[in-house]
Amino acid sequence: MKIGVAGPFNPQTVAEYFDSNTKLPDINKMATSVNAYVKGLIELGHFVTVFTTYSFEGEPYYVDGKNIRIYFISTQFKIHALGRLRMAKKIRKCIEKSVNSLDILHAEWTYEFALAIKPFYKKMPLFCSVRDWAPYILSLAKKSSGRYYWVLSYYIFRKVMRGDKIHFIANSEYTKRQILSEYPDKKVDIIPNPLDEKNILHKREEYPKYPVFISISTSPFTVRKNNTILLKAFSRYKKNNQDAKLIVVGTFSEEIREELKSQNLLEGVELTGSVSHDEVISLIDRATILIHPALEETFGNILLEGMCRKVLCIGGESSGAVPQVLGYGKYGILCDVKSEESIVQAMEKANDAELFKKITDDATKYIIREFTEKTVAQKHINLFSGFLKG
């Protein structure tokens, strides 16, 4: 099958399929689900044409590898107003040049990439994976600059969701419920986010002698990611567990650091700032427990990253798809992430060595069974095949 994938993508994750002399930019480092999905399609023997973007000067160009072609489209504009709408036009023009060689077009997220594929509905089946929920994110965008970005994103989201030209794929039961709550007539399939199998640690012999917690998100101190309440809970937990440490990964300002310091919330806490995906894995390997205090997730990929490295995961019992990803408590500990007391109780529960081993061992089997790149890619192929036969 010849599949077009339009979305953020890091070519470095499929470098093994290119000649060593091919220059592959190291970009879109947070698109781990798309990276694993594309790799899974290649491993299953399908040809993938990726349409992605990054900041460079010049016209779109492509590179070819084994069973893959990647088109790069510049994100630079002379006028930056309405950037996501302008970007959709750029992406669409690039896709037009090779659309006749594709069987399927699949967009990632419900923004410029999805809007770009919409005009091609007469040529082939179109799919869009819904990986976040714009109405919820807009409701949290309080600051003027962030709000403008999400108002425009929400406008594009509505244009994408309108009509029946695109078939939608939800990455969780929660995401599907969100779609159907506003668009009850749509048919929505569920396919989870994948994980690159090479990151799965089948055995782990050594852990720190004291509890080391880690929390990872792009912007940990936003309302949605909720890490301030985690710091307060950790401060309470540390009173009875003096050697405990907490690593918080993600972008933050010096103003936030100073504010947290003034509240005495940084004792035993390491704030790393933004790091690469390889560094994320290394940091998880320094930890015993991954705690994800987000108020809402349409999936929660970082939970897969934690489970695959044999750390115990803690997440919100009402945080969107988090309970589903953690098997409703079979593969992690659930708590009320709005409550300091509930978080502290979950942290204390994670100290139980027998429970720790059972959950982490079961979680490894669960990851291998449900979330590897080839497993998830095959679910997409099964879905696509039904539409092509139809």
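Biologist: Which residues is Val-269 in contact with, leaving aside its neighbours within four places in sequence?

Modeller: Val-269 is in contact with Leu-231, Phe-234, Leu-246 and Val-248, where contact means heavy atoms within 4.5 Å. This is a predicted model, in which local features need pLDDT of at least 70 and side-chain atom pairs count only at pLDDT 80 or more, while totals for chains, interfaces and linings use all residues. Residues are numbered from 1 along each chain as its sequence is written, and side-chain values use heavy atoms, with hydrogens and water left out.

Biologist: Where is Val-269 found? And is Val-269 buried or exposed?

Modeller: Val-269 is found in strand 11, residues 269-273. Helices (H or I, at least four residues) and strands (E, at least two) are DSSP runs, numbered from the N terminus. Val-269 has a relative accessible area of 16%, so it is buried. Buried means under 20% relative accessible area, exposed over 50%, and partly exposed in between, with a 1.4 Å probe and protein chains only.

Biologist: How far apart in space are Val-269 and His-292?

Modeller: They are 15 Å apart, C-alpha to C-alpha, and 23 residues apart in sequence.

Biologist: Let us turn to the whole chain. How many helices and strands does it have?

Modeller: The protein chain has 14 helices and 14 strands. Of its 390 residues, 55% count as buried.

Biologist: Which radius of gyration does the protein chain have, and what would a compact globule have?

Modeller: The chain has 21 Å, which agrees with the value near 21 Å for a compact globule of 390 residues. The radius is taken over C-alpha atoms, and the globule rule is 2.2 Å times the number of residues to the power 0.38. Along its principal axes the C-alpha trace spans about 65 × 50 × 45 Å.

Biologist: What share of the contacts joins residues 24 or more positions apart?

Modeller: Such residues account for 63% of the contacts with a separation of 6 or more.

Biologist: What about the nonpolar core? How many residues has the largest one?

Modeller: The largest nonpolar core has 42 residues, and those with the most contacts inside it are Phe-51, Ile-95, Leu-105 and Ile-117. Such a core is a set of buried Ala, Val, Leu, Ile, Met, Phe, Trp, Tyr and Cys residues joined through side-chain atoms within 4.5 Å. Several elements each supply at least two residues of this core, including strand 4 (68-74), helix 2 (83-96), strand 5 (104-108) and helix 5 (144-161).

Biologist: Which helix gives the most to this core?

Modeller: Helix 5 gives the most, with 6 residues.

Biologist: And which residues does Ile-95 contact, leaving aside its neighbours within four places in sequence?

Modeller: Ile-95 is in contact with Ala-6, Phe-51, Leu-105, Ile-117 and Phe-120.

Biologist: Now helix 10. Is it mostly covered or uncovered?

Modeller: Helix 10, residues 301-308, is mostly covered, with 8 of its 8 residues buried. Among these buried residues are Asn-301, Glu-305 and Cys-308. Helix 10 is followed by Lys-310, whose phi is positive, near 60°.

Biologist: What is the phi of Asn-28, and where is Asn-28 placed?

Modeller: Asn-28 is not a glycine, yet it has a positive phi of about 45°. It is placed in the loop between strand 1 (2-6) and helix 1 (32-43). With a relative accessible area of 25%, Asn-28 is partly exposed.

Biologist: And Tyr-328: what is its phi, and is Tyr-328 buried or exposed?

Modeller: Tyr-328, also not a glycine, has a positive phi of about 55°. Its place is in the loop between helix 11 (322-325) and strand 14 (333-335). Tyr-328 is exposed, with a relative accessible area of 59%.

Biologist: One more loop residue, Ser-319. Is Ser-319 buried or exposed?

Modeller: At 1% relative accessibility, Ser-319 counts as buried. It is found in the loop between strand 13 (312-316) and helix 11. Not counting residues up to four places away in sequence, Ser-319 touches Ala-294, Leu-295, Glu-296, Glu-297 and Val-337.

Biologist: Last, Thr-175. Where does Thr-175 lie, and which residues does Thr-175 contact, leaving aside its neighbours within four places in sequence?

Modeller: Thr-175 lies in helix 6, residues 173-182. Its contacts are Val-130, Ala-170 and Thr-298, leaving aside its neighbours within four places in sequence. At 0% relative accessibility, Thr-175 counts as buried.
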